[in-house]
Amino acid sequence: MTVPAVGGPGGRPPQPPLVQLLTPEGERVEHPDYSLDVTPDELRAFYRDLVLVRRVDAEATALQRQGELGLWASLLGQEAAQVGSGRALAPQDYVFPTYREHGVAWCRDVDPVTLLGLYRGVNLGGWDPAEHNFHLYTIVIGSQTLHATGYAMGVQRDGAVGTGDPARDTAVIAYFGDGATSQGDVNEAFVFASVNNAPVVFFCQNNQWAISEPNERQTRVPLYQRAAGFGFPGLRVDGNDVLAVHAVTKAALDRARRGEGPTFVEAFTYRMGAHTTSDDPTRYRIEAEVEEWKLKDPIARVKALLARTGQAGEEFFAEVEAEADRLAGHVRGACLAMPDPEPVSMFDHAYRDPHPLVEEERAWFAEYHAGFEPAGLEQAGAVAAGEARR
Amino acid sequence: MSPRTTTIAKAVNEGLRRAMEDDPKVLVMGEDVGRLGGVFRVTDGLQKDFGEDRVIDTPLAESGIIGTAIGLALRGYRPVCEIQFDGFIYPAYDQIVSQLAKMGYRSGGKLSLPVVVRVPYGGGIGAVEHHSESPEAYFAHTAGLRVVTCSNPADAYFMTQQAIRSDDPVMVFEPKRRYWDKGELDPAAEPLPLHAARVARAGTDVTVAAYGPMVRTVIEAATAAEAEGRSLEVVDLRSLSPLDLDTLVASVERTRRLVVVHEAPTFLGLGAEIAARVTERCFYHLEAPVLRVGGFHLPYPASRLEDEYLPDLDRVLDAVDRALAF
């Protein structure tokens, strides 16, 4: 079916203005609703985060290409959306990510190596969510928005919202993409959050592509406008502007912590790479579009601002590059050293309480597996004996 | 509390009430469970006594109920979700199977998901479509879930509380057409473990295993068979995942014959799994193949036909005859 144009060029809906505090050229601009005072230290810290996160991502992609990871979902292009929002979180806030939130994980002090376990296939998610207030990656699209909403309903029942105590009041943030907005679960999450006035921020990274499907296959209106129908505010921010994302997310989180309910933040960004390492975007999008977004790069504009205003010089940039290389080396080394799990360990943790069927199958498998070992041991023993005789 | 006669619906209500009194983290949530007290009145009076924060009338969205319950559990709560009718559970299927069942495993044991999902199930109430189904096998097939079902008020009372205390997710299937069946409840009695089967009636000639709504049908069949000089042993399975095979196998080793009865279609149902496992363990004891009595391989029919569709006393006795004819 051909969808008629609704006003925008090339059949796209007309695009509303973005909240922006830092232009692609690195010009600092003001916004009437979102002001942000950034010290030179803070600006340099943002730059460092962005560079390190991109470097880890590039290393992981390389590890996949070399067969060390089964898959990788690159965040290339979305660093500002993730770091800007991730750095707006309070320690007690809780994050529900998709499988691409490596930059948010970085902000929650999850060692990037830990993220690789899932993609290498040695576990299904290796970090302790409670230690970082960062839930496991969720792969089924949109499911985690309901978990975030339920968690926020728990926060309300704990009286950890609207007390005015900045160390107690808690917000929850759910990450998801443009494709996820078509899922029933995401829409149900909006309903549950709205009627419960739950302290949750719905943070949508609109990276323009749901694998091969552009926004036009998901929506006829700018995504953030959907929030109005559910009864809470929505806004669109330049997702490649780390300062604007930070200001907007902080305001939304503060609003949630005050007990004023959910907010929909649409971070307008672009997936510069493939959906995952298994994807080939040349089959469905034109290079000119990618080139256009390269001019809006989230890191270049921060570097331009730092350099032009004299808040950082070549020495600083070189230091960050060197730190990024060291971090990538750490990630690579630790990935290669990651042991495969013991076969019998697959029977662990299916249940918390004893389960007779799992125990029966575990015992059978262990015995079956052990049945192969004597031959191997004999061989090894024969070799050892042969060596001893020599 | 003293021993008394009560109904299954009231016993579930009392079990929920007791669990909520014992643990302030226990929540009840679902469609119409609050002000109305549930369409079957199972949660009657709970919102009045425990408040709207603990007895939550949710939006009409089953996936949302289970998904938010998962989030509440991650925050330390113990939600008890009601799915209003068996046939309405499918919108929640993904959250139950992909998230609730697997999240603890995914976390390597770091997360626990103490969520209970209560499902009134089964036919025999003359309802319209989607209100009479028996979807328990879908969930018993899913690792990470525990699946239990009660057949009498005492089990309803204790199993509800045991399920809520479990740190694993538990699906509790409640036989809706038996909600108003009466039975004895002694709250001071020592309950069976949640996953134990029970010999509901001792016998010598054929073991008949059933669960939920079919337990009463099978006991009535045993009474009828007795008049014909046949002694049926009735095993109430109570737990569908895990199965208490030891209790069942001990019975079959005595009677040497087994008939499994459930309302759900027999094809790939619990009876198929039980037949395979009992045959494996009792091959040299069996005098006859394990026979199954259940629903046909059909969508649940219009209610004027359900008496023909559902297993009844005669269909059970027919299978008993066939088992004894070997």
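Mentor: Let's begin with a term: domain bounds come from an automatic or database domain assignment. Keep in mind too that this is a predicted model.

Trainee: Okay, what does the assignment give for chain B, and what separates the domain centres?
Mentor: Chain B gets domain 1 (7–185) and domain 2 (198–325). Their centres, taken over C-alpha atoms, are separated by 26 Å. The contact takes 26 residues from domain 1 of chain B and 23 residues from domain 2 of chain B.

Trainee: And what about the domains of chain A?
Mentor: There the assignment gives domain 1 (11–336) and domain 2 (343–389). For that pair, 43 Å lie between the centres, again over C-alpha atoms.

Trainee: How do you know how confident the predictor is in chain A?
Mentor: Look at the pLDDT: its mean for chain A is 93, and 92% of the residues reach 70 or more.

Trainee: What makes Y47(A) and F317(A) an edge-to-face pair?
Mentor: Two checks. Ring centres must lie within 6.5 Å, and planes over 60 degrees apart count as edge-to-face. Here the centres are 5.1 Å apart with 70 degrees between the planes, so the pair passes both checks and is edge-to-face. This pair links distant parts of the chain: Y47(A) is in helix 1 (residues 40–65) of chain A and F317(A) in helix 12 (residues 314–336), 270 residues apart.

Trainee: Why do Y47(A) and F317(A) count as buried?
Mentor: Buried means under 20% relative accessible area. Y47(A) has 2%, so it is buried; F317(A) has 4%, so it is buried as well.

Trainee: Why is the pair of Y90(B) and Y138(B) called edge-to-face?
Mentor: Their ring centres are 6.0 Å apart and their planes stand at 85 degrees, so the pair is edge-to-face. Y90(B) sits in the loop between strand 4 (78–82) and helix 4 (93–100) of chain B, while Y138(B) is in helix 6 (residues 136–140), 48 residues apart.

Trainee: What makes K303(A) a charge over the face of F317(A)?
Mentor: The distance part of the rule is within 6 Å of the ring centre, and K303(A) lies at 4.9 Å from it, over the face of F317(A). K296(A) lies over the face of W293(A), at 4.1 Å from the ring centre.

Trainee: How do you know that S151(B) is buried?
Mentor: Its relative accessible area is 15%, so it falls under the 20% cut-off. S151(B) lies in the loop between strand 6 (146–149) and helix 7 (153–165) of chain B.

Trainee: And why do S151(B) and D236(B) count as a polar contact?
Mentor: The distance limit is 3.5 Å, and their side chains are joined by a polar contact of 2.5 Å. The side chains of S151(B) and N152(B) are joined by another, of 3.3 Å.

Methods: Residues numbered from 1 in each chain as written. Chains lettered and ligands numbered in written order. Predicted model: local features only at pLDDT ≥ 70, side-chain atom pairs only at ≥ 80, totals over all residues. Heavy atoms only, no water. Phe/Tyr/Trp six-rings, centres within 6.5 Å; stacked < 30°, edge-to-face > 60°. Helix = DSSP H or I, 4+ residues; strand = E, 2+ residues; numbered from the N terminus. Buried < 20%, exposed > 50% of the residue type's maximum accessible area, 1.4 Å probe, protein only. Lys NZ or Arg CZ within 6 Å of the ring centre and 35° of its normal. pLDDT = per-residue confidence, 0-100. Polar contact = N/O pair within 3.5 Å; in protein donor to acceptor, adjacent residues only side chain to side chain. Contact = heavy atoms within 4.5 Å.
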